[in-house]
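Take a walk through this protein chain from its overall layout to its details. Have the sequence and the model at hand.

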Amino acid sequence: MSAAPDRPRRRARPVLGHPGRMERGAVEFASIFVAYFAIMLGLLFQDELAVELAEAGLIRENTRESAELAIGLVLILCWSALTVILIRLINAIKASAHSTRKGDDG
């Protein structure tokens with residue numbers, strides 16, 4: 001037989017999500033990879049984008065090839081900036097992990 005508790009039981013709260021997703025940098029890391037995917041798609045379809053811009057009248061037909069090169073250049077610069085951001089994020093995660101380990105050891 002179990003004894004009745006002195007105070008009423010609190011309702012258990014459901015835990016939403018996976019705890020690993022809450023770790024430092026996890027959301028930023030996933031966002032960076034989504035951005036990489038978007039830039040890659042942009043690089044794959046930059047020629048079609050330039051054709052659509054020319055057909056819509058947003059650029060002249062004779063500047064379509066230059067616009068395609070400019071779009072590619074901008075996307076490659078975005079890719080490079082994203083790589084720098086990713087490296088900084090990984091270094092920050094490593095530094096916080098090392099400082100946490102040193103705090104546990106000492």
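From the N terminus on, the elements of the protein chain run α-α-α. The secondary structure comes to 3 helices and 0 strands. Helices here are DSSP runs of H or I with at least four residues, strands are runs of E with at least two, and numbering starts at the N terminus. This is a predicted model, in which local features need pLDDT of at least 70, side-chain atom pairs count only at pLDDT 80 or more, and totals for chains, interfaces and linings use all residues. Residues are numbered from 1 along each chain as its sequence is written, and side-chain values use heavy atoms, with hydrogens and water left out.

Start with the inside. Buried residues make up 13% of the 106 residues in the protein chain. Buried means under 20% relative accessible area, exposed means over 50%, and partly exposed lies in between (1.4 Å probe, protein chains only). The largest nonpolar core has 8 residues: I32, Y36, I39, I71, L75, L82, L86 and L89. Such a core is a set of buried Ala, Val, Leu, Ile, Met, Phe, Trp, Tyr and Cys residues joined through side-chain atoms within 4.5 Å. Helices α1 and α3 (64-105) each supply at least two residues of this core. Helix α3 gives the most, with 5 residues. Contact means heavy atoms within 4.5 Å.

Now turn to α2. Helix α2 (residues 46-55) has Q46, A50 and A54 as its buried residues. Seen down the axis of α2, they fall within an arc of 80°, so they line one face of the helix. The arc is that of the directions from the helix axis to the C-beta atoms. Q46 counts as buried because its relative accessible area is 17%. Q46 touches E68, I71 and G72, not counting residues up to four places away in sequence. Just after α2, G57 takes a positive phi of about 85°.

What lies on the surface? F37, M40, L41, L44, F45 and W79 form a nonpolar patch there, with about 580 Å² of accessible area together. Accessible areas come from the Shrake-Rupley method with a 1.4 Å probe; for residues, only the protein chains shown count as cover. Like charges are joined within 9 Å, nonpolar side chains (Val, Leu, Ile, Met, Phe, Trp, Tyr) within 5 Å. Helix α1 (residues 26-44) gives the most to the patch, with 4 residues.

Note on methods. Patch = residues over 30% accessible without salt bridge, like charges linked within 9 Å, V, L, I, M, F, W, Y side chains within 5 Å. Salt bridge = Lys/Arg side-chain N within 4 Å of Asp/Glu carboxyl O.
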